[in-house]
Amino acid sequence: MLAWLHDVVWQDSLWFPAGLGWADVQDHDDVVFTKVTDLWITIPVAFCFLLIRQIFERTVATPLASLLGVRDKARVRAAPNPVLEHYFCTASKHPSQSSVESLCKETGWSLRQVQRWFRRRRNQDRPSLLKKFCEASWRFTFYLLAFLAGLAALVDKPWFYKMEEMWNGFPRMPLLPSQYWYYMIELGFYISLLFSVASDVKRKDFKEQIVHHAATIILISFSWVVNYTRAGTLIMFVHDASDYLLESAKMFNYAGWRKSCNCIFTLFAAIFIITRLVILPFWIIHTTWVYPVTLYPPFFIYYLFNGLLFVLQCLHIFWAGLILRMVVKFLPQNDIVEDERSDKEETESEEEDEDQEKNEKSQNGHVQNGHTALNNNYHGKME
């Protein structure tokens with residue numbers, strides 16, 4: 001059964017055009033080709049990235065944050081309350097008005113106090129500014145180095161200047177050392193992002209990010225298996241061309257460097273649109289979708305590879321919309337860029353809380369369970 005399944009999955013007609021097959025990509029006479037087994041090295045590479053990231057964030061990113069003046073706002077912690085905590089963890093982080101009123105009866109707290117508790121509790125779960133800065137610093141460092149490495153690996157290659165050259169001699173294209181390491185490092189990094197997704201900062205496009213990471217990993221892996229390495233290196237390079245600018249804009253945003261953030265983000269938006277909405281679809285995808293059928297009849301992996309590229313392109317269009325919304329918002333008034341994908345923290349100073357509680361105490365006259373009782377003046381008000 002397993003032998004039959006192996007033969008079905010790895011049959012030549014699925015992976016290569018008619019007349020070509022695995023026998024054409026076997027090593028011979030010191031000529032090396034890509035192998036499926038090479039991909040196993042990306043797992044330890046991914047774990048190495050996770051370890052390096054922890055060291056980097058503690059020894060480089062945190063001191064850099066201090067140097068740039070990144071400061072976390074003091075957060076007022078929610079007072080321990082088993083009833084509200086149970087509702088928060090099991091039911092909803094954003095209770096409805098009727099639920100708030102029901103919780104007021106259960107706890108003996110006022111409407112404002114329950115609302116304030118949920119606001120503080122939500123803020124406790126939001127990542128700190130330092131955590132966001134460290135994550136952006138790590139990604140900025142990798143994307144910048146990957147972009148420079150990709151440029152060094154491609155600048156002297158003919159397919160960097162003439163896209164059709166990526167199919168010259170397919171699939172009998174020898175593997176270059178620069179291609180091997182570029183692939184292994186890029187794929188290992190994206191796998192590490194998938195491993196760390198649970199602990200990373202979660203944004204509004206969390207699901208889209210998961211789809212993007214999964215599609216990228218599958219795309220890179222399949223391009224390696226069928227020796228689409230020339231196309232793969234170009235696709236990875238185009239992605240790295242703008243990502244480091246976005247992460248650097250985030251870093252300056254978290255540090256409060258308004259003008260630097262705005263300038264870098266404007267540059268990022270321009271490069272993102274040029275590389276992801278012009279070069280990728282009209283040069284690279286055109287060469288992987290239209291040009292190959294002039295040389296070979298379509299085959300299964302041809303459709304799968306280009307299908308994954310179309311998934312990535314749809315995500316690029318989605319993100320381009322978010323980027324343009326941010327650009328439109330900050331350009332007229334020269335305001336600071338806010339990431340459309342991030343949840344805004346519900347701000348509240350300790351002084352305001354203390355003043356409100358003092359006012360409540362003076363108006364109500366007594367305290368229940370260490371908190372002021374419900375006052376009719378606060379009915380129907382939402383903070």
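# Briefing: salt bridges, packing and cysteines

Arg121 has a relative accessibility of 11% and counts as buried (buried is under 20% relative accessible area, exposed over 50%, and partly exposed in between, with a 1.4 Å probe and protein chains only). The structure is a predicted model, in which local features need pLDDT of at least 70 and side-chain atom pairs count only at pLDDT 80 or more, while totals for chains, interfaces and linings use all residues. Residues are numbered from 1 along each chain as its sequence is written, and side-chain values use heavy atoms, with hydrogens and water left out.

**Salt bridges**

- The model contains 9 salt bridges, each defined as a side-chain nitrogen of Lys or Arg within 4 Å of a carboxyl oxygen of Asp or Glu.
- Arg121 pairs with Glu85, with 2.9 Å between the closest N and O atoms. This pair joins distant parts of the chain, 36 residues apart: Arg121 belongs to helix α6 (residues 111-125) and Glu85 to helix α4 (residues 82-90). Helices are DSSP runs (H or I) of at least four residues, strands (E) of at least two, and both are numbered from the N terminus.
- Glu85 is partly exposed, at a relative accessible area of 25%.
- Glu57 and Arg53 also form a salt bridge, their closest N and O atoms being 2.9 Å apart. The two residues are 4 residues apart in helix α3, so about one helical turn separates them; both are buried.
- Arg53 and Glu57 belong, together with Glu135 and Arg139, to a network of salt bridges.
- Asp156 and Lys157 meet through their side chains in a salt bridge of 2.7 Å, N to O. Asp156 is exposed at 55% relative accessibility, whereas Lys157 is buried at 11%.

**Nonpolar cores and surface patch**

- The largest nonpolar core comprises 76 residues, and Tyr228 and Phe265 have the most contacts inside it. A core is a set of buried Ala, Val, Leu, Ile, Met, Phe, Trp, Tyr and Cys residues joined through side-chain atoms within 4.5 Å.
- Another core, of 12 residues, lies apart from it and includes Val100, Leu103, Trp109 and Val114.
- On the surface, Met1, Leu2, Trp4, Leu5, Val8 and Val9 make up a nonpolar patch with about 660 Å² of accessible area together. Patches consist of residues with over 30% relative accessible area and no salt bridge; like charges are joined within 9 Å, and nonpolar side chains (Val, Leu, Ile, Met, Phe, Trp, Tyr) within 5 Å.
- Val8, located in helix α1 (residues 2-9), is partly exposed with a relative accessible area of 30%.

**Aromatic contacts**

- There are 39 aromatic pairs in the structure. Rings of Phe, Tyr and Trp (its six-membered ring) pair if their centres lie within 6.5 Å; planes under 30 degrees apart are stacked, over 60 edge-to-face, and the rest tilted.
- Trp167 and Phe170 form an edge-to-face pair, at 5.3 Å centre to centre and 80° between the planes. Both residues are buried.
- One aromatic cluster is formed by Phe49, Phe56, Trp138, Phe142, Tyr143, Phe189 and Tyr190.

**Cysteines**

- Cys261 is buried at 1% relative accessibility. The closest cysteine sulfur to that of Cys261 is in Cys263, at 9.2 Å, too far for a bond.
- Cys89 is exposed, with a relative accessible area of 55%.

Key
Accessible areas come from the Shrake-Rupley method with a 1.4 Å probe; for residues, only the protein chains shown count as cover. A disulfide is a pair of cysteine sulfur atoms within 2.5 Å.
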